[in-house]
Amino acid sequence: MTDLVLGIESSCDDTAAAVVRAGHEILSSVVHTQAAEHAPFGGVVPEIAGRSHLRSILPVVDEALDGAGVRLDQLAGIAVTHRPGLVGSLLVGLSAAKALAFTRGLPLVGVHHIEAHVYAATMEAPGTVSYPCVALVVSGGHTALYRAESPLHMTQLAATLDDAAGEAFDKVAYLLGLPYPGGPSISALAEEGDPTAFKFPRYRAKDGSIGFSFSGLKTAVLYHVRGGDALAPTPPPEEIPQRADVAASFQETVVENLVRPTLRCAQEEGVGQVLVAGGVACNQRLREVLGERGRESGLEVFFPSPAYSTDNAAMIAGLGWQHLAAGARDGWDLDAHPS
Ligand code: KG4
Ligand code: ZN
């Protein structure tokens, strides 16, 4: 068996393929983003996503194989995201992976998208993470804390009660008249704003438990933008008072809402390392604050580089190799699951 794995990812709005050697050496990683197709709607439209994956999947796989200089018959196997995600989107990657694996007689293995995001934080520096550790997953669809016993075994400890952090960035960006995806555009505008200008509500669970919530914060921004009347129309961007200050204060509150529970969780679990994963892990302010406060608490915090924080197939191929090396194989009945 060679140690080359082709990874395929299509769970949301990125069509991606990658070739990775031995779980960590990335030979190619191709991501075709559909952001421009969804931008007019301020979020991902499932029907558009599925159709767009269908157009891109084979060219993206070809580009990944060509970029790595690898032929299908040189692969040890094919790893594909099969959960969680939009079912119509997942099915496109899954069908392509099954067809390629079946016709070439290659092993197929299904990979959990969230576990792969967490694995991404360890992939670029193999051997530096010691288990157990705590993982914070912050993406457009998930905001949750996990205890990871190994790359293949994770247990969820806490999750958001409502929106995911990335979703809050995307919705608030839409309100502020900023382009989708909202995370990068809010961060850019926040550079010009004062993060202390507004005291937006910080989440604290009534029963004192560890958790996340972003709906109160989102509503507070909505009230501000609409001049205190939630039912009023959203004004054009140039008429929103202190727009950059709103962006900066919102971002600061999201970061605080993520950092506090994460540090507490790591402390309660008695671990020394925290892995951060998902698109929101690209956020510079989150990197600064969690890195610094982690150090003060004696914790080492690992972030993947931005290219491997957002959706990509290198993390799928990497974790897929771990599964294959542990003897896992899936059958042709491997199915797509939304959760
Ligand atoms: O992990 P990801 O690529 O896709 C999902 O699985 O959801 O995450 C996408 C999310 C989007 O909501 C996007 O706004 C957010 O990640 N994001 C950011 C930044 N870059 C991307 N959020 C905050 N700051 C950023 N720099
Ligand atoms: Zn993701």
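These legends accompany close-up views of a predicted model.

Residues are numbered from 1 along each chain as its sequence is written, and chains are lettered from A and ligands numbered from 1 in the order in which they are written. In this predicted model, local features need pLDDT of at least 70, side-chain atom pairs count only at pLDDT 80 or more, and totals for chains, interfaces and linings use all residues; side-chain values use heavy atoms, with hydrogens and water left out.

**View 1. Two domains divide the protein.** Domain 1 covers 4–119 + 309–325, and domain 2 covers 125–303. These bounds come from an automatic or database domain assignment. Taken over C-alpha atoms, the centres of domain 1 and domain 2 are separated by 26 Å. Domain 1 brings 21 residues to the contact and domain 2 brings 19 residues. Contact here means heavy atoms within 4.5 Å.

**View 2. Domain 1 and domain 2 bury about 1600 Å² between them.** Buried area is the accessible area (1.4 Å probe) that two parts lose on being put together, summed over both. Carbon and sulfur atoms give 74% of the area. Ile 114, Val 118 and Ser 309 supply 35% of what domain 1 buries against domain 2, more than any other three residues. Salt bridges between the domains number zero; the term needs a side-chain nitrogen of Lys or Arg within 4 Å of a carboxyl oxygen of Asp or Glu. Three residue pairs are in polar contact, both residues at pLDDT 80 or more. A polar contact is a pair of N or O atoms within 3.5 Å; within protein, one must be able to donate a hydrogen and the other to accept it, and residues adjacent in sequence count only if both atoms are side-chain atoms.

**View 3. Helices H1, H4 and H11 face domain 2 from the domain 1 side.** Helix H1 (35–38), helix H4 (113–123) and helix H11 (314–325) each give two or more residues to the side that touches domain 2. H4 gives the most, with five residues. Helices (H or I, at least four residues) and strands (E, at least two) are DSSP runs, numbered from the N terminus. The residues on this side of domain 1 divide into 10 nonpolar, nine polar and two charged. Ala, Val, Leu, Ile, Met, Phe, Trp, Tyr, Cys and Pro count as nonpolar, Asp, Glu, Lys and Arg as charged, and the others, Gly among them, as polar.

**View 4. Ligand 1 is surrounded by 20 residues.** Each has a heavy atom within 4 Å of the ligand. The closest are Gly 140, Asp 170, Gly 183, Gly 279 and Asp 311. A polar side-chain atom of Asp 170 is 2.7 Å from an oxygen atom of ligand 1. A polar backbone atom of Gly 279 lies 3.0 Å from a ligand oxygen atom. For His 117, an N or O atom in the side chain is 3.3 Å from an oxygen atom of the ligand.

View 5. Pro 84 is in the loop between strand S4 (77–83) and helix H3 (87–104). Pro 132 sits in the loop between H4 and strand S6 (133–138).
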